[in-house]
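Morning, everyone. I have one structure to walk through today.

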Amino acid sequence: MIKDSLAKALSDQFNAEYYSAYLYLSMSAYADRLGYKGIANWFAVQAKEELAHGTHIYRYLLERGVAPSFQDVKAPQAAYESLQAVFEKVLAHERQVTGMINRIASLALDEKDHAAYDFIRWYVDEQVEEESEAEDLVLKFSRIGDNPGLLYQIDAQLAARRFTDPF
Ligand SMILES: [Fe+2]
Ligand SMILES: [Fe+2]
């Protein structure tokens, strides 16, 4: 039996992952409208990953005999000041998600729910990767600034990203 507090935290996380997908899709639209199709692609892949996380957690709740609670997905902001500002927001968002994942891991440990701890461990590692990648992109975009040649290069680089289902 999964404890109520842990079930609730996992349900909230299922919804939070869908919000992340929504947020990244809005960033994809922002980049697309600026004409940066490669950056838009990077965000579209990021959004798909978040959907995969959300669905994975949703399935886990059902597996543990819990009815997942469906919450309103809040609207992300529609516009940004610059691409650098977008990636700064990504980093801030991923740091916030790390806090939520760590809280679930702590709850699982407190409740000696080894199965749930084992499940959420994957996300602990995933967040290390997410933060590191976001930090890297913030740094890159801060150096690129408005340089058209460098923007063209990074756009071509980010166009190469492909979605692979992690589960
Ligand atoms: Fe995620
Ligand atoms: Fe993420």
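This is a predicted model, so please hear every value as computed from it. I'll start with the metal site.

Ligand 2 and the iron ion that is ligand 1 sit 3.4 Å apart. Glu50 coordinates both. Look at where the glutamates come from. Glu50 is in helix H2, residues 37–63, while Glu130 is in helix H4, residues 114–144. They are 80 residues apart, so the pair links distant parts of the chain. Buried or exposed, Glu50? Buried, because its relative accessibility is 2%. Glu130 is buried too, at a relative accessible area of 5%. The cut-off for buried is under 20%.

On to the packing. The largest nonpolar core has 25 residues. Met27, Ile39, Phe43, Phe87 and Phe141 have the most contacts inside it. Which helices supply it with at least two residues each? H1 (4–33), H2, H3 (83–110), H4 and H5 (148–158). H1 gives the most, with six residues.

Take Met27 as an example. Beyond residues up to four places away in sequence, Met27 touches Phe43, Tyr80, Val86, Lys89 and Val90.

Next, a check on helix H3. It has 28 residues, and at 1.5 Å a residue they should span 40 Å. The end C-alpha atoms of H3 are 41 Å apart, which agrees. Just after H3, Lys112 takes a positive phi of about 50°.

Last stop, Gly38. This glycine is in helix H2. Gly38 is buried, with a relative accessible area of 2%. What does Gly38 contact, leaving aside neighbours within four places in sequence? Asp155, Leu158 and Ala159. The C-alpha atoms of Gly38 and Val138 are separated by 16 Å, and the two residues are 100 apart along the chain.

That's my tour. Over to you.

Terms used
Residues numbered from 1 in each chain as written. Chains lettered and ligands numbered in written order. Predicted model: local features only at pLDDT ≥ 70, side-chain atom pairs only at ≥ 80, totals over all residues. Heavy atoms only, no water. Donors = N, O, S within 2.8 Å, 3.2 Å for Na, K, Ca; no water. Helix = DSSP H or I, 4+ residues; strand = E, 2+ residues; numbered from the N terminus. Buried < 20%, exposed > 50% of the residue type's maximum accessible area, 1.4 Å probe, protein only. Core = buried A, V, L, I, M, F, W, Y, C linked by side-chain atoms within 4.5 Å. Contact = heavy atoms within 4.5 Å. Expected span 1.5 Å × (residues − 1).
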